[in-house]
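Subject: Handover of a structure and notes on it

Dear colleague,

I am passing on to you the structure shown below. Please keep it open while you read the notes that come after it.

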Amino acid sequence: MKIRFETAQGTIVEAEASENDVLLAVAQGAGMPLEGTCEGQMACSTCHVVVERDWFAALPDASEDEEDMLDLAYGVRPTSRLACQIVLTEALDGLTVTIPPEARDMSGG
């Protein structure tokens with residue numbers, strides 16, 4: 001399946017993904033500047049993405065813990081999610097997310 005990332009500069013990067021992949025890993029593999037400091041434990045908000053409005057309703061609702069972490073993220077929008085909490089399914093083929101301009105990858109990679 002294809003996942004589309006829009007960078008803060010407006011560049012579209014397409015990545016291949018498989019069912020049950022986690023969006024954060026796909027994004028990192030595509031060179032997106034998402035740190036994911038807590039490795040998916042919802043202890044940070046360094047994998048914050050903005051889901052394209054048309055795709056937002058296709059995602060399962062965010063948990064209360066995820067909502068709490070999003071409260072700490074910079075530049076949160078109504079369709080913001082944590083990439084570490086989005087497990088890809090075939091229904092999400094074509095999913096498009098924007099990497100917020102505030103995103104940065106401090107890991108050096």
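The notes below cover salt bridges, surface charge, cysteines and backbone angles.

This is a predicted model, in which local features need pLDDT of at least 70 and side-chain atom pairs count only at pLDDT 80 or more, while totals for chains, interfaces and linings use all residues. Residues are numbered from 1 along each chain as its sequence is written, and side-chain values use heavy atoms, with hydrogens and water left out.

Salt bridges

Side chains of opposite charge can pair when their charged atoms come close. Here a salt bridge is a side-chain nitrogen of Lys or Arg within 4 Å of a carboxyl oxygen of Asp or Glu. The structure holds 3 salt bridges.

One of them joins K2 to E16, with 2.4 Å between the closest N and O atoms. K2 belongs to strand 1 (residues 2-6) and E16 to strand 2 (residues 12-16), so this pair ties together parts that are 14 residues apart in sequence. Helices (H or I, at least four residues) and strands (E, at least two) are DSSP runs, numbered from the N terminus. In what follows, buried means under 20% relative accessible area, exposed means over 50%, and partly exposed lies in between (1.4 Å probe, protein chains only). K2 is partly exposed at 37%, whereas E16 is exposed at 55%.

A salt bridge also forms between E14 and R4, at 3.7 Å from N to O. It links distant parts of the chain, with E14 in strand 2 and R4 in strand 1, 10 residues apart. E14 is partly exposed at 45%, and R4 is partly exposed at 30%.

R81 pairs with E66, their closest N and O atoms being 2.8 Å apart. This pair, too, links distant parts of the chain: R81 is in strand 4 (residues 80-82) and E66 in helix 3, 15 residues apart. R81 is buried, at 4% relative accessibility, and E66 is buried at 1%.

Surface charge

D61, E64, D65, E67, D68 and D71 form a patch of negative charge on the surface. Such a patch is made of residues with over 30% relative accessible area and no salt bridge, like charges being joined within 9 Å. Within this group, D65 lies in helix 3 (residues 64-70) and is partly exposed at 49%.

Cysteines

How many disulfides does the model contain? The count comes to 0 disulfides, a disulfide being a pair of cysteine sulfur atoms within 2.5 Å. For C44, the closest cysteine sulfur is that of C38, at 3.6 Å, which is too far for a bond. For C84, the closest is that of C47, at 3.7 Å, again too far for a bond. C44 is buried, with 13% relative accessibility, and C84 is buried with 9%.

Backbone angles

E39 is not a glycine, yet its phi is positive, at about 55 degrees. It is found in the loop between helix 1 (23-29) and strand 3 (48-51). M42, also a residue other than glycine, has a positive phi near 55 degrees, and M42 lies in the loop between helix 1 and strand 3. Is each of these residues buried or exposed? E39 is exposed, at 69% relative accessibility, whereas M42 is buried, at 18%.

Yours sincerely,
A colleague

Conventions. Patch = residues over 30% accessible without salt bridge, like charges linked within 9 Å, V, L, I, M, F, W, Y side chains within 5 Å. Areas by Shrake-Rupley, 256 points an atom, 1.4 Å probe, with all protein chains shown as cover. Lys, Arg positive; Asp, Glu negative; His and termini not counted. Charge placed at Lys NZ, Arg CZ, Asp CG, Glu CD.
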